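Visitor: Could you walk me through this model, one question at a time?

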Amino acid sequence: MFSLAVWVVGLALEGLLLVRAILGDFFRKYPLFYLYVGWVFALSSVRLIIYLAEPAYYRVFYWYTQPFSVLVGCGLVWEVYRQALGRYPGAARMARNLFLFLLVMVLSKIMVNAWNGPVWWQAGTTAELERNMRAVQGILLIALIIVLAHYAIPLGRNLKGMIVGYVLFISTSVIDLTLRLFLGDSFQKSWQYLQPVFYLAALTVWGFTLWSYQTIPLPATESKIEADYQILATTTRKRLLQARAYLARAIRP
Amino acid sequence: MTGAWPFLALGLLLLVLVIVLLQRATPSEHDPAELFEEGETQAALYAESFPQRLVDRLFGSEDWEFIAKQEPARLKRLFLQQRTALALSWVRDARTNATKLIRVHSAVARKNSRLEPLVELRVIADYLVFQILCQLIASVIWLRGPVAMGRLVGYADDLSERLYKVNSRAFPAELAYGHSNRQPAPPGAGRARGR
């Protein structure tokens, strides 16, 4: 009964998010985010119908459709990258290279697994596959957050909400799925409650932060410096080394 | 269960990062690069806010040798407390200047389409090394005080100088330092340099 109530509330919140975006005409500002919300809304509705009409098919349907949700979720990460770093080509370049490096690492791991055993993704069950896919999303999100924090990229309420909500959902999903896989049936009951509750928490964050459209804040003045990157980097490194030498000189008797 | 730890750690790390992101102060209206253009930050970065003579005295043992001869123990304790506070404030100042520098750097670099990720990583690594060094110095100062810090560094310097001498006596220079063509500077060379 509780999980059904959480399910219905979740659907209502997703619907509300979509309606607000359409009425406020900011649906097109974040197309990939709303595609994700729309997809989850549609899929959850179909799942609810199956759950009520043909409960025997629900489990199979859930695990067959879940990997698609994870793939559509990648669009949300891309949306944050696109929106936040659009005006900052240097930071965007850094993020792209980090993503590329991480994806090469993940692909290498997959290839090593394929070489060593019959299961290419090292996932015996669909739950394990979902956990691994969510973990890859988590790694990409970590890289993105580090870049955003290091370059002090202004985010605005909408983008910040998108990140916080999705990170909350992804991190708790990875922890939940891992515990479920390792603790087995003893954790199954808790998992059935925890997973939807955390998703509901993410939806609540989105509900508050995406209630209306807010443009991404820009610095009051744009920098006029068109410094050559090499000169800039060399100067910074030189000054850091000077500072280090200053420290060493001071403490040396 | 060992296979579960990386995933659990990943989940927790994500949660911690998002909290850090939330706590991060909203960037001020003024672009740090703007300050850079005005030359103010540049001046601040070059400034060594503590005069060299003061720094020399802070870590030197002359004052301590004088105070150590005085009678009331309270005086010695007070002296060490104040010296420690001053030395810690000096380290904090150095860290603040480095943070200003990296902020200005990233504010300019983030808009530069010619940014080179490997060079950028080196800059970040240099900054992190500097921060670790400052943390290390601050910890020693906090634990032992600035005078003991100076003595410790002096001791380490003497030790490495002795090792250098033993090493250079035991092996020819080429073997002792790999096959580098560069002439390695002896560890005590820093002291010979004028302040």
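Predicted model: local features only at pLDDT ≥ 70, side-chain atom pairs only at ≥ 80, totals over all residues.

Visitor: What are the dimensions of the box that the C-alpha atoms of chain A fill?
Guide: The box is taken along the principal axes of chain A. Its dimensions are roughly 75 × 55 × 35 Å.

Visitor: What share of the contacts in chain A with a separation of 6 or more comes from residues 24 or more positions apart?
Guide: Here, two residues are in contact if their C-beta atoms lie within 7 Å. Among contacts in chain A with a separation of 6 or more, residues 24 or more positions apart account for 79%.

Visitor: Let's look at a loop. Is A:Asp25 buried or exposed?
Guide: A:Asp25 sits in the loop between helix H1 (2-23) and helix H2 (31-53) of chain A, and has a positive phi of about 60 degrees although it is not a glycine. There are 9 other C-beta atoms within 10 Å of A:Asp25. A residue with 12 or fewer falls in the exposed class, so A:Asp25 is exposed.

Visitor: And A:Ala152, is that one buried or exposed?
Guide: A:Ala152 lies in the loop between helix H5 (126-150) and helix H6 (156-183) of chain A. Its phi is also positive, near 45 degrees, in a residue other than glycine. The cut-off for burial is 20 or more C-beta neighbours; A:Ala152 has 20 inside 10 Å, so it counts as buried.

Visitor: Now the contact with chain B: are H6(A) and H1(B) roughly parallel or antiparallel?
Guide: H6(A) packs against helix H1 (residues 5-23) of chain B at an angle of about 160 degrees, with the axes 8 Å apart. Angles over 145 degrees count as roughly antiparallel. H6(A) and H1(B) are therefore roughly antiparallel.

Visitor: Which handedness does the crossing of H6(A) and H1(B) have, left or right?
Guide: The crossing is between one helix of chain A and one of chain B. The crossing of H6(A) and H1(B) is left-handed.

Visitor: How many nonpolar residues does the contact of H6(A) with H1(B) have?
Guide: In H6(A), the residues that meet H1(B) include A:Ile163, A:Val167 and A:Ser171. On the side of H1(B), B:Phe7, B:Gly11 and B:Leu14 are among them. By class, this contact has no charged residues and four polar ones, and the nonpolar count is 15.

Technical notes
Residues numbered from 1 in each chain as written. Chains lettered and ligands numbered in written order. Helix = DSSP H or I, 4+ residues; strand = E, 2+ residues; numbered from the N terminus. Axes fitted to C-alpha atoms, helices over the stretch in contact; angles between N-to-C directions. Parallel < 35°, antiparallel > 145°, perpendicular 65-115°, else oblique. Left-handed = near helix turned anticlockwise from the far one by under 90°. Nonpolar A, V, L, I, M, F, W, Y, C, P; charged D, E, K, R; others polar.
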